[in-house]
Amino acid sequence: MIFPQLGASFISAFVILAHMAIKSYDLVIALTNGGPGRASWLPSLFMYQYTFTRNEMAIGAASAVLMLIAIAIVVIPHILRETRQGGQHG
């Protein structure tokens, strides 16, 4: 069946898209400046606004740690699975 064979590709694409969503601060600022209202806020924009604009260092640091945990939940099991297989796909 084809679906189990697509698992590695799906996880890889998900990790790349999640990484890009977290890093896309500059694109959102350049195009929308975070608006209208808070409609285009992303986790990175939230973290930057609270850390540097509002001087809420604790909230900014907590949101950065939560972004790290969210990515680690997806990436670490993928890495462990790939290393256990030893590069053998079959």
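**Exercise 1.** Determine whether Phe14 is buried, partly exposed or exposed.

*Solution.* In this predicted model, Phe14 has a relative accessibility of 40%. The classes are buried (under 20% relative accessible area), exposed (over 50%) and partly exposed in between, with a 1.4 Å probe and protein chains only. Phe14 therefore counts as partly exposed. Phe10, at 56% relative accessibility, counts as exposed.

Residues are numbered from 1 along each chain as its sequence is written. In this predicted model, local features need pLDDT of at least 70, side-chain atom pairs count only at pLDDT 80 or more, totals for chains, interfaces and linings use all residues, and side-chain values use heavy atoms, leaving out hydrogens and water.

**Exercise 2.** Classify the aromatic pair of Phe46 and Tyr50.

*Solution.* Step one concerns the geometry: the centres are 4.4 Å apart and the planes 40 degrees apart. Step two applies the cut-offs: rings of Phe, Tyr and Trp (its six-membered ring) pair if their centres lie within 6.5 Å, and planes under 30 degrees apart count as stacked, over 60 as edge-to-face and the rest as tilted. The pair of Phe46 and Tyr50 is tilted. Step three turns to accessibility: Phe46 is partly exposed at 26%, whereas Tyr50 is buried at 15%.

**Exercise 3.** Which charged end sits over the ring of Tyr50?

*Solution.* The criterion is that NZ of Lys or CZ of Arg is within 6 Å of the ring centre and within 35 degrees of the ring normal. The charged end of Arg54 sits over the Tyr50 ring, 4.4 Å from its centre.
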